[in-house]
2 protein chains.
Amino acid sequence: MTENPQPSVPLSTMSRKELRELVRSQLQVLLERRDLQTAKAILVPVQPADIAEAIEGLPETMQVIAFRLLSKDEAIKVYEQLDSSVQQSLCEKFKRQEVIDIVDKMSPDDRARLFDELPAAVVRRLVAELSLSERQATALLLGYEADTAGRIMTPEYISLKEEYTVGESLERIRSLAHVTETVYSLYVTDSDRHLIGILSLRDLVTAQLNQTVGEILSRDFVSVQTDTDQEEVARIIKRYDFLAVPVVDSEKRLVGIITVDDILDILEKETTKDIYALGGLQADGDNYFQVSLLTVARRRVVWLLVLLVTNSITASILKTQRDILQDVVALSFFIPLLTGTGGNVGAQSSTVVIRGMNTDEIWSLGSFQVIRREAMAGALLGLVLGTLATIWASVFIVPGQIAVAIAVGMSLLAISMLASVAGSALPFLFRSLKLDPTLMSAPFITTAVDVLGVLIYLNLARMILQSNSLN
Amino acid sequence: MTENPQPSVPLSTMSRKELRELVRSQLQVLLERRDLQTAKAILVPVQPADIAEAIEGLPETMQVIAFRLLSKDEAIKVYEQLDSSVQQSLCEKFKRQEVIDIVDKMSPDDRARLFDELPAAVVRRLVAELSLSERQATALLLGYEADTAGRIMTPEYISLKEEYTVGESLERIRSLAHVTETVYSLYVTDSDRHLIGILSLRDLVTAQLNQTVGEILSRDFVSVQTDTDQEEVARIIKRYDFLAVPVVDSEKRLVGIITVDDILDILEKETTKDIYALGGLQADGDNYFQVSLLTVARRRVVWLLVLLVTNSITASILKTQRDILQDVVALSFFIPLLTGTGGNVGAQSSTVVIRGMNTDEIWSLGSFQVIRREAMAGALLGLVLGTLATIWASVFIVPGQIAVAIAVGMSLLAISMLASVAGSALPFLFRSLKLDPTLMSAPFITTAVDVLGVLIYLNLARMILQSNSLN
């Protein structure tokens, strides 16, 4: 959290985007003219977040000059807001001492995140130069698994003792306010650093000055472990409307806290990961618009190769049905309709189920009930689509070939049911196998629906055409 | 925000899900036995959020009984956490006075959200019975457009005057702490209610008691208007790490604040809406697992009907190519591969672009650069897939028919490029037409890729086969 919840931007009618663009273009002009004094002056009233965006929009060679215009305190705030790729490129261009000054003052959780993305050699050099306490804080965080509470927590919190009075506590907050992430959630520990209670600044401010912390603290509270997944931490903070949640180690000793502002960033990254996975892309959590073209292609090709394999099976099956496709060429007109509809009905079911798992909403029903409901929805949709498709095909596309139109309609019904069952059941299956349903579901649903869909369609057509010719 | 950032749940090793399930099953057994005293007792140490989830899991007839076990204060907290469909069903079952007592004590923003979803007649009755100040607060919020800052703000904030001393301000906070959403962000207004500055409780606690508010307030701050879109509010709070943002009317008078905990709920709903739209479903913001089967089908059928129309065009095009499909039946084996790959490459591009728009990350590049990059990625992917598909088709599926294999490979290259250009360009087009790219992109991309893809494929095949037979 910021020192002051609302730093300095003029209360103007200008939108943030316009402001940012104005600052960027002013900066660019002034830097081209080498008018550093004026450039420095225009940045003074601008918020760190907006300066960061303006710097990101500058040509790379100007970024480092613009950054050097900032005062040291301001520079740290701006640096923390920069995109990690810009952080890295600046890091490479700074002189050694500048980097150390900045990195030393970053909060340990932000620093751990930066180090995650720098080359190992650079990290070693930087860690070595940090002050002892900063080094310890960072090394501590880096010791935990990625994406766990341990990695995202900050060790910069205020702890109190039970015997402190409210007045003493307020005095302690006053003296520590400049080095801590938040002063609003306060943590009470015993002599062995075990967390025994929490209280809020609200509690302190509304209490009498001579009461003790022990009298007003809350001994029942929610905490997370260092190895709790960051998504679970986000869910807890969201669910209980917390401003921060304490992190304890396996012996229940307080080791850090996680604040709600960090959770907002994590939620955005996790959402991007989920949306990418549903769209058939891999995500590494970095900014897609700043990675190289080869990386872009690499992250997409996996899913497309899976499709190639799936479709080689579909093509082989179509080949075994060559005779009927040759006899009744009209059957091939409807293949895109059937595989397309199957794929989309399956995607609708799996989207609902996977999102329901990620928001915990799905557990209001059991998995069996969900699958049954989806199967019924699939049947209903299949009935509507099948009827419409039969009419449409027999009137417009294949008039006179009613058997083909009926085969299309019946297949649509069968494929919709199949797709909605596969789309809803496979995420549960993957979850119970401890695989990520968001990543795993799409390839298997597509394969099942395409391969079985084509088989159902052509065999149904064969049956209907045969019984038709027997009559 | 809650009064105390961490209410009462035992610090146990039990997971939240286990706890909730335990409470639910205990409640159910006790209610079946009509042992209301014990049921009441087991709920005392449980957090409102967990009680709400336990109640949601009970059979509908028991929900109202379980709810009545709660003390009035507890009931309000639990009610605010309940899913809106459960809120509604409870609302219909309560006796009139009970409803009014609860609704009267809900915070105005939560109440406005409940009223949004209740039948108009019920709302009128409830509004009429509220106390005057509550009625005014709610009517005020209800007067703003849905999904704007006005609708989600709370008028329950603490305002200060410039001439107050720090000591007087702390006294005012002490006396108002129980009726306000947050005490951490404080707002300074002049005699006409114009917002002239803000300060945080942190600023107050670290200042001298005899300083005045005017000396320590920050006059440069970020605010939003009542008609600012809620997604924009979420972005601002996230970007600046705010705990709350003030809402002003067109004359810059302070009318409310929006707190970070409400933003977390809004982000989840907006994400679900986006994910559903990308998966071809409509979302109304309510819990999908609690709506009726007909509603489920209705929300999906629109997209499937669009597909039906798209595919009727594709089928008509295939029909015009009937001669070549009849002559070379092997061509039809690859139709699912081509439309499937096209659809997926298009979805990958549009997913990246749409997500980039929603997170603002995309603006580090211009729209032209994004489309060019996607086109190149499409070409690269098409080259890889086309080569592999040509080899695979000529070896396994249609040995001896090299012309068909080459047509498949070349079409894959063309379709990949087409799909990635359509997938990246259409979202920009819809955005510039003020249409929602998340909703609009998929149907148009699918249509373009399917129809053009099939045309490209069969015409390429025709050309290659003809030149082949001429040799």
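Two strands count as paired if DSSP finds at least two bridges between them, and strands themselves are DSSP runs (E, at least two residues), just as helices are (H or I, at least four residues), numbered from the N terminus. This is a predicted model, where local features need pLDDT of at least 70 and side-chain atom pairs count only at pLDDT 80 or more, while totals for chains, interfaces and linings use all residues. Residues are numbered from 1 along each chain as its sequence is written, chains are lettered from A in the order in which they are written, and side-chain values use heavy atoms, leaving out hydrogens and water.

**View 1. Zooming in on β2 and β3 of chain B.** Strand β2 (residues 185–189) of chain B runs antiparallel to β3(B), and five bridges join the pair. Look for Y187(B): its bridge partner in β3(B) is I198(B).

**View 2. Where chain A meets chain B.** Contact (heavy atoms within 4.5 Å) links 140 residues of chain A with 139 residues of chain B.

**View 3. A salt bridge across the two chains.** E53(A) and R239(B) join side chains at 3.0 Å, N to O. That's a salt bridge: a side-chain nitrogen of Lys or Arg within 4 Å of a carboxyl oxygen of Asp or Glu. Between chain A and chain B the count is eight.
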